[in-house]
Amino acid sequence: MKSTTDRRSFFKKAAVLAGAFSSNSLFEQLHAADILAKNRQYVSLSPQEMAENEDFWATIQQGYPASSSPVLNLNNGGVSPSPLLVLQAVDRYSQLSNQAPSYYMWRILDQGREPLRQKLALLGGCDPDELAINRNATEALNTIIYGLDLQKGDEVIGCKQDYPNMMQAWKQREQREGIRYKQLSFDFPIEDDETIVEAYRQAISPKTKIIHVTHVINWVGQIMPVRKICQMAHEKGLEVIVDGAHSFGLLNFQIPDLEADYFGTSLHKYLSAPIGTGMLWIKKEKISKVWPLLCNGNPKSEDIRKFETLGTRSFPLEQGIGEAVNFHNGIGAERKEARVRYLKNYWAEQALGIPGVNIHTSLQPAYSCAIAGVSVDGLSPQELERQLLGTYKIHTTPISYENIHCVRVSPHVYTRLTDLDRLVAALGELSAAHSSQPLGQKGT
Ligand SMILES: Cc1ncc(COP(=O)(O)O)c(C=O)c1O
């Protein structure tokens with residue numbers, strides 16, 4: 001961990017660079033004045049008070065074309081739309097790239113990668129030399145999963161409620177190399193950190209080397225006590241990989257504060273960066289021992305950039321990330337988390353009051369933010385999702401997996417209260433129509 005003075009001087013330096021890069025930004029041109037005016041108007045409001053201030057959020061909603069989509073998108077957990085300024089930035093970079101691709105991409109846009117790294121590092125509260133920019137959370141986390149040396153018989157502990165792409169990667173190592181992949185199973189919601197930490201602790205054996213944990217469980221939105229799991233694991237000499245796909249750009253935290261060893265995330269979820277962008281963080285002293293997933297001339301290098309030998313990739317998408325960070329910073333991380341949690345509670349608390357409607361997620365702030373699972377008695381998750389889309393034009397995602405059976409709902413900062421009223425009304429009608437029926441009898 002850096003000393004406070006080191007950290008302070010690093011942040012000062014990085015702030016200058018990030019500021020210089022964004023001085024001509026689309027954010028400055030399109031949103032800075034409006035957001036600044038609202039900030040001045042509501043300077044005395046806490047993030048929690050601001051979460052309920054529709055006047056402020058109307059300004060943010062206007063920034064997103066998705067706020068006027070004919071289909072109400074309540075699956076932002078899957079992938080989130082970008083605000084207009086991000087789409088415009090990508091479009092500009094794309095037009096430029098197509099003038100003379102190898103010149104504009106490799107000689108001009110490529111120069112934006114280091115300032116972008118600085119900017120993402122400021123957002124994540126970490127050293128830029130610990131951050132690699134890539135295409136998604138799967139790529140980031142598979143880089144770690146396949147990049148760590150493990151011997152036959154070594155154990156990794158995860159859980160059945162982790163993300164399939166990561167579970168499959170561990171299973172592939174199990175088949176190919178004979179490592180052992182142990183999976184816990186949790187009955188969410190759980191409103192007690194110790195129960196979760198203890199489950200991982202109990203699973204540890206002398207052969208265990210790694211714990212893989214998902215920061216926010218994608219199926220039902222449970223926030224896991226990552227830091228406590230990391231502290232427990234480190235006491236036992238283990239390393240921890242954190243899947244932050246649903247937390248980065250939503251929960252207000254700094255990556256080093258999790259005390260993990262490795263962290264991977266998409267940027268196209270709650271950060272609203274261009275679709276097809278992601279990020280990998282590795283604690284400085286661990287970088288050299290992780291093999292790159294894709295080739296690199298110096299695979300044991302301590303330079304995080306060894307994970308960026310991706311071949312030709314989309315420079316326009318990558319450079320569009322900067323405007324998404326500008327927009328996110330314009331809102332403010334604390335406000336964003338508070339608002340999205342408020343939106344989730346707004347609909348979920350009303351839904352709880354409807355007979356025959358069940359919520360599958362804790363509504364306590366420590367245990368969930370954007371995502372909640374919902375079910376209606378008498379309707380399977382698939383039937384409920386079909387009805388919401390077919391009859392009400394509300395897009396959600398059905399989940400029937402292991403011990404989880406619900407429809408996942410995930411609003412974003414551009415979601416309006418009236419959108420959520422539409423959802424609650426739909427749940428009320430569907431419940432009234434179906435809840436006296438045994439499951440599956442009424443169908444669609
Ligand atoms: C918990 C979790 N991890 C990883 C991913 C994979 O993200 P990506 O599609 O960006 O690779 C997802 C996607 O939904 C997820 O929910």
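In strand β8, the residue that forms the bridge partner of Y262 is I282, where strands are DSSP runs of E with at least two residues and helices are runs of H or I with at least four residues, numbered from the N terminus. This is a predicted model, in which local features need pLDDT of at least 70 and side-chain atom pairs count only at pLDDT 80 or more, while totals for chains, interfaces and linings use all residues. Residues are numbered from 1 along each chain as its sequence is written.

The bridge belongs to the antiparallel pairing of β7 (residues 262-266) with β8 (residues 278-282), which extends over five bridges; two strands pair if DSSP finds at least two bridges between them. Both strands sit in an open sheet of seven strands with mixed pairing, in the order β2-β8-β7-β6-β5-β3-β4. Its edge strands, β2 (131-134) and β4 (180-184), each pair on one side only.

Helix α10 (residues 164-177) lies across β3 (155-159), β4, β5 (208-214) and β6 (239-243), and runs at about 145 degrees to β4. Helix α11 (residues 193-203) also packs on the sheet, touching β3, β4 and β5, and its direction makes about 150 degrees with that of β4. Contact here requires C-beta atoms, placed from the backbone, within 7 Å, and angles run from 0 to 180 degrees between N-to-C directions of axes, which are lines fitted to C-alpha atoms, for helices over the stretch in contact.

On a wider view, an automatic or database domain assignment divides the protein chain into domain 1 (111-326) and domain 2 (334-434). The contact between them takes 14 residues from domain 1 and 24 residues from domain 2.

Key
Two residues are in contact if their C-beta atoms, placed from the backbone, lie within 7 Å.
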